Amino acid sequence: MDASELMQRYADEERDFAQVDLSQANLSEAILNQINLSGANLSKTNFHKAHLVDANLSNADLSTAYLTETQLQGANLQATNLHKADLGRANLKSANLTNAELDGANLRSATMPDGTISD
């Protein structure tokens, strides 16, 4: 699946995209609130300024993904691979990061689940 197909299906009110492969896709500024991308391959995907509010990204591979200024409020990131992901200035308020792999992730100026701003 590519980014344009995902966007079209989302516009048609489909929300379940579990296990899809969207690695290296450009979804910059996409509005994908309440989407299910659990278990998806999203490595190296560009989500710059995207809206993923209340999205299910559990068990997804977001390694080296570009998530700067992304809206992730209430997102489920449980057991998600965020190894070396760029989450600078992302909004993670109320997000579930339980068992998420954050090794090498950039969280500079991100709003954390508890509402604090990271250094």
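Rings of Phe, Tyr and Trp (for Trp the six-membered ring) count as a pair if their centres lie within 6.5 Å; planes under 30 degrees apart are called stacked, those over 60 edge-to-face, and the rest tilted. By this rule, a search of the whole structure finds zero aromatic pairs. The model is predicted, so local features need pLDDT of at least 70 and side-chain atom pairs count only at pLDDT 80 or more, while totals for chains, interfaces and linings use all residues. Residues are numbered from 1 along each chain as its sequence is written, and side-chain values use heavy atoms, with hydrogens and water left out.

A ring does take part in another arrangement. A charge is said to sit over a ring if NZ of Lys or CZ of Arg is within 6 Å of the ring centre and within 35 degrees of the ring normal. R15 lies over the face of Y10, at 3.6 Å from the ring centre.

Y10 also belongs to the helix α1, which spans 3-11. Helices are DSSP runs (H or I, at least four residues), as are strands (E, at least two), and they are numbered from the N terminus. For accessibility, buried means under 20% relative accessible area, exposed means over 50%, and partly exposed lies in between (1.4 Å probe, protein chains only). The buried residues of α1 are A3, L6 and Y10. Because they cover an arc of only 60° around the axis, they are on the same side of α1; the arc is that of the directions from the helix axis to the C-beta atoms. S4 and A11, on the other side of α1, are exposed.

Which residue just after α1 takes a positive phi? That residue is E13, with a phi of about 75°, a positive value in a residue other than glycine. E13 has 66% relative accessibility and therefore counts as exposed. S94 is not a glycine either, and has a positive phi of about 65°. S94 is found in the segment after α1, and its 53% relative accessibility is why it counts as exposed.

The segment after α1 also holds G39. With a relative accessible area of 23%, G39 is partly exposed. Contact here means heavy atoms within 4.5 Å. Apart from neighbours within four places in sequence, G39 is in contact with Q19, S58, N59 and A60. From C-alpha to C-alpha, G39 and A90 are 21 Å apart in space, and they are 51 residues apart in sequence.

H48 is another residue in the segment after α1. Is H48 buried or exposed? Its relative accessible area is 17%, so H48 is buried. The side chains of H48 and T68 are joined by a polar contact of 2.6 Å. Such a contact is a pair of N or O atoms within 3.5 Å; within protein, one must be able to donate a hydrogen and the other to accept it, and residues adjacent in sequence count only if both atoms are side-chain atoms. Not counting residues up to four places away in sequence, H48 touches S28, E29, Y66, T68, E69 and T70.

N99 likewise lies in the segment after α1. At 64% relative accessibility, N99 counts as exposed. Leaving out residues up to four places away in sequence, N99 touches A79 and T80. N99 and S109 are 10 residues apart in sequence, with 21 Å between their C-alpha atoms.
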